Amino acid sequence: MENGEIPENANEHCPGPQSESAGKSDACQGCPNQEVCATAPKGPDPDLVAIAERMATVKRKILVLSGKGGVGKSTFSAQLSFALAAKDFQVGLLDIDICGPSIPKMLGLEGQDIHQSNLGWSPVYVESNLGVMSIGFMLPNPDEAVIWRGPRKNGLIKQFLKDVYWGELDFLVVDAPPGTSDEHISIVQFLQATGIDGAIIVTTPQQVSLIDVRKEVSFCKKVGVPVLGVVENMSGLCQPLKDFKFLKMMENGEHTDLTEKVIEYMREKAPEMLDLIAASEVFDSSGGGAAKMCTEMGVPFLGKVPLDPQLCKAAEEGKSCFAEQKCLTSAPALKNIVEKLMTNYWREEMSVEQ
């Protein structure tokens with residue numbers, strides 16, 4: 001019954017929970033919600049006014065979504081934030097994955113606490129122009145499970161939006177949990193007055209992931225959130241050939257490590273091979289992957305990001321993949337996606353940057 005919605009089990013001629021006659025009219029007799037509606041406060045939610053005031057200083061609000069967990073959505077959110085901050089934009093990263101907050105780890109902020117001032121809750125800062133807010137900063141123990149029902153989750157999301165003082169932001173990146181649950185409905189409703197610029201959806205190439213991404217696209221269309229595009233993550237394993245291990249498998253399942261011999265052989269016989277990038281499909285993409293799905297559903301395809309062990313390491317260490325020249329295959333792919341977003345949607349910011 002949030003935001004005046006008529007409950008599914010209401011009587012046929014329900015006047016609506018926000019009506020002055022809610023719980024009192026003849027149509028309300030016998031309704032299971034009659035007492036709740038009669039005693040519930042009427043009128044607009046005053047917290048939405050406070051949220052609108054906070055968001056008035058935020059230029060762009062971007063949701064990062066995924067249909068399934070484990071597709072690299074939080075890694076993408078973190079690296080997108082790093083990339084925008086590297087362009088000297090003021091960036092905020094809001095983690096609303098209440099039960100699985102991984103953003104503090106991916107930005108190297110584990111163990112940090114939230115501080116309050118007379119202006120509200122202060123984000124935890126990676127750099128002076130990159131602030132982060134997450135329930136992960138509020139847990140006494142990082143291993144502590146968050147076992148909350150929907151209303152309590154929604155209450156915290158609302159508190160993040162109305163109580164966190166971001167200051168002037170060019171971008172607020174919102175890392176949402178996988179699926180289309182309470183958190184997604186809440187963030188859309190709470191930001192309805194100020195508007196959401198769009199959603200970026202992250203998937204992996206195989207059909208089992210794309211099935212759920214189609215639902216995510218459908219959700220965005222139903223609630224009026226533009227889909228900025230879809231990113232195909234983990235699109236094949238790519239890394240320098242010299243970084244691979246070479247094993248000889250035995251019939252009993254054991255193996256012998258021949259890496260040193262193979263590298264030495266290549267160094268002597270074919271040194272040019274040491275500069276090659278080796279690629280291999282990890283997930284089945286014979287169905288056309290995210291690109292085909294985007295064509296079928298009429299949404300933009302932003303590009304592919306390979307499964308890069310160096311990107312995984314950067315995420316584990318809470319570092320930007322753009323800072324050092326180690327993510328040879330993933331960093332250029334992510335940079336191309338960011339540039340495509342800038343060109344297609346954020347031209348105004350591009351002109352300021354230039």
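**Helix packing and holes**

Modeller: Start with helix α3 (residues 73–86) and helix α11 (residues 330–345): their axes come within 11 Å and cross at roughly 65 degrees. This is a predicted model, where local features need pLDDT of at least 70, side-chain atom pairs count only at pLDDT 80 or more, and totals for chains, interfaces and linings use all residues. Residues are numbered from 1 along each chain as its sequence is written, and side-chain values use heavy atoms, with hydrogens and water left out.

Biologist: What counts as a helix here, and what is an axis?

Modeller: Helices (H or I, at least four residues) and strands (E, at least two) are DSSP runs, numbered from the N terminus. Axes are lines fitted to C-alpha atoms, for helices over the stretch in contact, and angles run from 0 to 180 degrees between N-to-C directions.

Biologist: How are α3 and α11 oriented to each other?

Modeller: α3 and α11 are roughly perpendicular. That label covers 65 to 115 degrees; under 35 is roughly parallel, over 145 roughly antiparallel, and the rest oblique.

Biologist: Which residues meet in α3 and α11?

Modeller: α3 brings Phe76, Gln79, Leu80, Ala83 and Leu84, and α11 brings Leu334, Ile337, Val338, Leu341 and Met342. Contact means heavy atoms within 4.5 Å. By class, nine of the residues in this contact are nonpolar, one is polar and none is charged. Here Ala, Val, Leu, Ile, Met, Phe, Trp, Tyr, Cys and Pro are nonpolar, Asp, Glu, Lys and Arg charged, and the others, Gly among them, polar.

Biologist: Next pair. What is the angle between α5 and α6?

Modeller: About 35 degrees, for helix α5 (residues 150–163) and helix α6 (residues 182–190), with their axes 9 Å apart. Gly150, Lys153, Asn154, Ile157, Lys158 and Leu161 of α5 touch Asp182, Glu183, Ser186, Ile187 and Phe190 of α6. That contact has four nonpolar, three polar and four charged residues.

Biologist: And how far apart are the axes of α7 and α9?

Modeller: 11 Å, for helix α7 (residues 207–223) and helix α9 (residues 289–297), at an angle of about 35 degrees. The crossing is right-handed. α7 uses Leu210, Val213, Arg214, Val217 and Lys221, while α9 uses Gly289, Ala290, Met293, Glu296 and Met297. Six of these contact residues are nonpolar, one is polar and three are charged.

Biologist: Switching to holes. How many cavities are there of 30 Å³ or more?

Modeller: Two. On a 1 Å grid over the protein atoms alone, a cavity is a set of points where a 1.4 Å probe fits but cannot get out; a pocket is an open set with protein on both sides within 12 Å along at least five of seven lines; lining residues have an atom within 4 Å of a point. Grid points are joined across faces, edges and corners, and a volume is the space filled by probe spheres set on the points.

Biologist: Which residues lie nearest the centre of the largest cavity?

Modeller: Cys14, Pro15, Cys28, Cys31 and Cys37, out of 15 lining residues. The volume of the largest cavity is about 90 Å³. Its lining has 10 nonpolar, five polar and no charged residues.

Biologist: What lines the second largest cavity?

Modeller: Gly72, Thr75, Phe76, Gln79, Val202, Val231, Asn233, Val305, Leu311 and Leu334. α3 gives the largest share, three residues. The volume of the second largest cavity is about 50 Å³.

Conventions. Left-handed = near helix turned anticlockwise from the far one by under 90°.
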